[in-house]
Amino acid sequence: KEFALSMVKMQRIALDYVDKKAAMWADQDFVLRMVKVNGFALEFAADNLKQDKEVVLAAVRNRADAFAYVDKGADMWGQKDFVLP
């Protein structure tokens, strides 16, 4: 995990070479740190993390295009503080 994160920090394109099926994509701490570096990493996050408000906001703050990977059926869409910041 740490190696993958450090490589993506050095060069965003390194995300292309990270194992997308690895268990680390289910680790909330890892995914949060990764999306803060490269919002597109949200694409590879476990489904439950695509519904995680903190992870989603960090990804979209980094890359607005990461919005494409957010779970549109997540409960957070019913929360005013999420929809209307």
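Is W77 buried, partly exposed or exposed, and at what relative accessibility? W77 counts as partly exposed, at 28% relative accessibility; buried means under 20% relative accessible area, exposed over 50%, and partly exposed in between (1.4 Å probe, protein chains only).

## Basis

This is a predicted model, in which local features need pLDDT of at least 70 and side-chain atom pairs count only at pLDDT 80 or more, while totals for chains, interfaces and linings use all residues. Residues are numbered from 1 along each chain as its sequence is written, and side-chain values use heavy atoms, with hydrogens and water left out.

## Aromatic pairs

The structure holds three aromatic pairs. Rings of Phe, Tyr and Trp (its six-membered ring) pair if their centres lie within 6.5 Å; planes under 30 degrees apart count as stacked, over 60 as edge-to-face and the rest as tilted.

In one of them, W25 and F30 have ring centres 5.3 Å apart and planes at 75°, so the pair is edge-to-face. Both W25 and F30 are buried. W25, F30 and F44 form one aromatic cluster.

F67 and W77 are also edge-to-face, because their planes stand at 90°, with the ring centres 5.7 Å apart. F67 counts as partly exposed, at 39% relative accessibility.

## Charges over rings

A charge sits over a ring if NZ of Lys or CZ of Arg is within 6 Å of the ring centre and within 35 degrees of the ring normal. The charged end of K20 sits over the ring of F44, 5.0 Å from its centre. K72 lies over the face of F67, 4.8 Å from the ring centre.
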